[in-house]
Each structure stands twice: as structure tokens, then as C-alpha cells.
Number of protein chains: 2
Amino acid sequence: MDERELLLLGLLKIQSQHGYQINEFISKNLSRVTSMKKATAYALLENMRKNGLIDESISQEGNRPQRKVYSITSAGDAAFDTLLKTYLAQPGQITFSLDIALMFIGNLPVAEVINLLDERMKLLIEQIETYERAPKHEYDLGSRLAVEHVLSHLQLDLSWLQSAKEMIVQEASSGSNG
Amino acid sequence: MDERELLLLGLLKIQSQHGYQINEFISKNLSRVTSMKKATAYALLENMRKNGLIDESISQEGNRPQRKVYSITSAGDAAFDTLLKTYLAQPGQITFSLDIALMFIGNLPVAEVINLLDERMKLLIEQIETYERAPKHEYDLGSRLAVEHVLSHLQLDLSWLQSAKEMIVQEASSGSNG
DNA sequence: ATTTAATTAGTCATATTTGACTATTCATAG
DNA sequence: CTATGAATAGTCAAATATGACTAATTAAAT
């Protein structure tokens, strides 16, 4: 089980919903905190149903095609509580694909590395601006914290990249004449 | 293709190796930058072989069982170069499981949230100490940067958690009397 | 010399994830 | 009314990822 189950259970705790509704909400509002795909969400819902964490019922409204409506069970409530405490208390391992790339910068000329990192910083600034443009008032504290958390990491990356560039330049000049 | 292919190609650029050697190196030295599992590495190697990025040959040394030795091809060299530039220049989306959990802190009493975040900070400090204990001198610049990059994010998280706790406490008190 | 444990070198069945696809209904423009 | 496109609501085959397993060799202890 991972944080995506926590997300799905949390959404179903707010209200019983069908899969499409859940996926719309995630893709429209939560793309900043998860990259879970639609088919994955359906798979996880089916999995949790098998494990008794949610119930599935069929609803028919007007002429619309049938929909599967999911509701959280009491076992699901208990699982939600456990997962929530777990993900609050336990720092997961973080890894960045950048770090793999950094290990191999020796394979490129220094000038090119600097150019590539400049390009990265440009794109990062765009990401940051997107986050900063997000309206902060209409969300509850937890959601605001989540967005600010990601934003603080993006800003760190930006200033970290600047100092990394300086170290790379310095090492190159000291290596070539020292 | 993702950064794990870059890692495997980069290791094979240094020298041709068999799978076991690659996996040993990753699990002993690179657990900080990737969580790729052994069977996954073998699958990716087979995949890259099919795509002509690496060659596979059988080697027999003494009585030891046969080993598959992988070498990078010129197509692999080209792919490495492309991947390296891509992962240097393109900031990937970062997501933290903590952020999902933060969205739902309203489901717990404030005091418990604070306790859980305190526990998190304790564990985070242990992680940071592990990283700080890592010897810095024996690595090249890129590897040192990779470790320092992760470390800087961990340190940010620590101070961010402190300020998040303060916001949570403040919101609780202003909500209960204002 | 022989059980025991550790290391070496992978394989495979199962579980997970997703891109691509199907199929219905609704809106709206002509 | 009716072709066109968008929204709704999923499904499924194929690709990925991994825990559990096999099987040989070497090292250590008895």
C-alpha cells in the first residue's frame, strides 16, 4: 500500500464517488501532488474492494450509462487512519533523476554542462511561477501546506543549481591549472 | 526510457560488466540515488540489448558458472549522451507522499499531528546524519554534488517541517477563538 | 570430509502500471 | 433532425517491476 491508497480513501471519506469523478478531481486539482494515472486508480479501487476497504455499488441516473459508486467501509476507515499516521510520521526515501545525471557530468565538456543546467533553471523558474500563480485562499490548511511544501523544494533546487554551477566552474579551472 | 537506463549505460561506459557486478555496485554504493531492484536491472539490460544499446557475451572464468557480460555499443553511447543531456536539462515532476498526507491532517487532532511530525523530524535527522557521515573526499565532483543535492533537500524538509508545525498550531488556536 | 553459511548469478511467476481503446450520452451548429 | 466534437465512464492488452526462488561455488567451522 502506498500514498495513493491514502488519497483514494481520503476522497471517499469526504463522499462516496464513482471512478470518473475521482479521476477528474485528481487530474484537475491534484496533478501537483500525484502522477497516478486513471487506469491505475481503477486498479487500486478494485484492489481495495477485494480487501474489504471499500464497497462498490451500481447506480443509474436518468439515461446515463451505469456507474460504479465506491464507498469507504469501516475497515477502510481504519486503514485510512493507519496510512495517514504512517505517511505523516515516516520520511520516505527521496531520489531525483538529476542525481543520476550529475554522476556522469564528467562525460561532457564543462561549458555544455553549464548550458544544460541553465536550461534546467529556466524551466524550473517556469514551474515555480505556475505554482505561485495557484490561488492559495480557497484551500484548507493541509492543501496549502502541501503546495507550499513542493514550492519550497523547487525554490531550493533553483538556488542549489546556481551554487552547483559555481562549483563545477571552479573545479574545472582549478583542475586545469592547479 | 528513464534515468535508470542512463545509470546502467553510464556504468557500462566505465567498463563492461556482468549483471551481478552492476547490481552489487548499485545496492552498495548508489542506494541513495536509486531504488531500482536487481530483477528490474536485469530486465532493463535485456531490453537495451534488444534495442541494440548494449551487447551481451558469455564469459567463463575457472570453475565459476557462466556469466553474461554486457558492453555498451556505439548506439548505446549515443543514447547515453542524449539521456544525460535530457536529465540534466529537464526538471522532472517531483512529488512527495507527505503532501498527500498533509491534505488530510484535518482528520486528526492537532496534538496528534504535531506528535507525528515530531516523529518524522526525528527520523529525518537520523537520515541526515547518515548522509553527513558519508566520506566526501573519495568521490568525483559529480557524485559529491549528487549526495549534497539530496542532503540539501533533506535539510530543507527538516526546517520546513518546523515551520509547518507552527502554522498548524497557529491555525488551530486562531480557529478555536477567532 | 562434511554440514553450514555466504557469495555469486541469475530466473520466473506474479503483481503493478499505463497507453490505447471502446462505447454511450450530451451539446451545438448547420 | 443530424453530423461533429466534447464529456462521461470505464476496460484491456501490453509493458514494467519485483519478491521469491533456484542453483552453483567457495569459505568456515566442526
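Trainee: How many aromatic pairs does the structure hold over all chains?

Mentor: A pair of aromatic rings is described by the distance of the centres and the angle of the planes. This model is predicted, and over all its chains there are two aromatic pairs. In one of them, Phe80(A) and Phe104(B) lie 5.6 Å apart, centre to centre, with 80° between the planes. The pair counts as edge-to-face because its angle is over 60 degrees.

Trainee: Where do Phe80(A) and Phe104(B) lie in their chains?

Mentor: This pair crosses between chains. Phe80(A) belongs to helix H4 (residues 74–89) of chain A, while Phe104(B) is in the loop between helix H5 (97–103) and helix H6 (110–133) of chain B.

Trainee: Why does Phe80(A) count as buried?

Mentor: Its relative accessibility is 2%, and buried means under 20%, so Phe80(A) counts as buried. Phe104(B) also counts as buried, because its relative accessibility is 4%.

Trainee: Which residues form the other pair?

Mentor: Phe104(A) and Phe80(B) form an edge-to-face pair, with 5.6 Å between centres and 80° between planes. This pair, too, crosses between chains, from the loop between helix H5 (97–103) and helix H6 (110–133) of chain A to helix H4 (residues 74–89) of chain B. Both Phe104(A) and Phe80(B) are buried.

Trainee: What sits over the ring of Tyr131(A)?

Mentor: The charged end of Arg32(A) does, 5.1 Å from the ring centre. In chain B, Arg32(B) lies over the face of Tyr131(B), at 5.1 Å from the centre of that ring.

Terms used. Residues numbered from 1 in each chain as written. Chains lettered and ligands numbered in written order. Predicted model: local features only at pLDDT ≥ 70, side-chain atom pairs only at ≥ 80, totals over all residues. Heavy atoms only, no water. Phe/Tyr/Trp six-rings, centres within 6.5 Å; stacked < 30°, edge-to-face > 60°. Helix = DSSP H or I, 4+ residues; strand = E, 2+ residues; numbered from the N terminus. Buried < 20%, exposed > 50% of the residue type's maximum accessible area, 1.4 Å probe, protein only. Lys NZ or Arg CZ within 6 Å of the ring centre and 35° of its normal.
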